[in-house]
Amino acid sequence: MRATELKALPRGGLQLTRLGMGCAPIGGLYQAVAEDEARAAVDAAWELGLRYFDTAPYYGFTLSERRLGAALRDRPREAYAVSTKAGRLMLPDERVRPGASGWADPLPFRPHFDYSYDGIMRSHEESLERLGVGHIDILFVHDIGRATHSLLHGMYWQQLTGGGFRALEELRSAGQVRAIGLGVNEWEVVADAMQECALDCTLLAGRYTLLEQGALSPFLDDCRRLGNAIVIGGPFNSGVLAGARTFNYTDAPADVVRRVEQLAAVCREFDTPLPAAALQFPMAHPAVVSCIPGPRDVAQLRQNAAWFDLPIPPALWPELKRRGLLDERAPVDEGA
């Protein structure tokens, strides 16, 4: 497996590079990113042969979509795949200030949740305009679920099942998007959605990683059986597997830090950087087609690509299982 290897979704024939670029950071997630730095990161991804880019209206309050679209504008449209998301409409609001919702320098728009038929259709159309493209390859429903909406989940779920899924299916049938799915941080809502709609692809952030494998069975097995391809988001669990002290976008609790230290210790015994193991581990599952860490700059992008392609001793994985640090059922790369 190489970063630039193409993997096809089970349905529709869309191919994604095994390593893609998550574009939340170029929207200024927690730290401001200058325009030229954002452009340089996308250019570097292209030079490395990465051809899958994921963004969302919410990232930087439309900033990420605009920057990604500008950086890809002169590239052959058939040469790359782009995914974006629906579920939040971005409405003009001049009261938006730096730091809103964790975005360092957001544009003057305010997100409003809307998973209805009209909301999905409008979000799709506005994303086309911001990206400057004629079609979007994958349209994900963004952040549906109890983790985001708590007691309001039922209301938003009714919007999605009462019209939002129909909008996605119509867009797919008309060829305006090539694949539909969910982009979420919890696998349970995807399992529910698979009972309502034939999903082509799910962007699952942080729930199938070297640190946690709760989504493994039966969920990932069901995804493989039903043709719902998995894109792995948050492979570093928002940073803790790559040297930061953040987990799920907040300070990592002591038990998580302790487990990460144990994982790192075993990796050192095999001369393997922990982030390399974190990037490569989920790719062994047959339901997984791509992984999209979010680099902030060119240096991070190149480092991610190097970690992804780094040969890892096959004996590392059974040792992690032996020490109880990895689910015994998890598929692993056993080498040639």
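# Exercises on a predicted model

The buried residues of α5 pack against β7 (109–113), α3 (117–131), β8 (136–142), α4, β9 and α6 (187–193). Packing here rests on contact, meaning heavy atoms within 4.5 Å. Helices (H or I, at least four residues) and strands (E, at least two) are DSSP runs, numbered from the N terminus.

Some ground rules before we start. The model is predicted, so local features need pLDDT of at least 70 and side-chain atom pairs count only at pLDDT 80 or more, while totals for chains, interfaces and linings use all residues. Residues are numbered from 1 along each chain as its sequence is written, and side-chain values use heavy atoms, with hydrogens and water left out.

## Exercise 1

Check the length of helix α5 (residues 153–173), then look for a bend and for its buried residues.

Step 1. The expected span is 1.5 Å times one less than the number of residues. With 21 residues, α5 should span 30 Å, and its end C-alpha atoms are 28 Å apart, which agrees.

Step 2. Look at Thr 161: a kink of about 45° in α5 is centred there. The bend at a residue is the angle between axes fitted to the seven residues ending there and the seven starting there.

Step 3. Buried means under 20% relative accessible area, exposed over 50%, and partly exposed in between (1.4 Å probe, protein chains only). Among the buried residues of α5 are His 153, Tyr 156, Trp 157 and Leu 160.

## Exercise 2

Compare Ser 238 and Asp 271: where does each sit, and is each buried, partly exposed or exposed?

Step 1. Ser 238 is not a glycine, yet its phi is positive, about 60°. You'll find Ser 238 in the loop between β11 (229–233) and β12 (246–247). Its relative accessibility is 26%, so Ser 238 counts as partly exposed.

Step 2. Asp 271 isn't a glycine either, and has a positive phi of about 50°. Asp 271 lies in the loop between α8 (254–269) and α9 (274–280). With a relative accessible area of 70%, Asp 271 is exposed.

## Exercise 3

Find the cis peptide bond and say which helix holds its proline.

Step 1. Ser 217 and Pro 218 are joined by the cis bond, with omega about 10°.

Step 2. Pro 218 belongs to helix α7 (residues 216–226).
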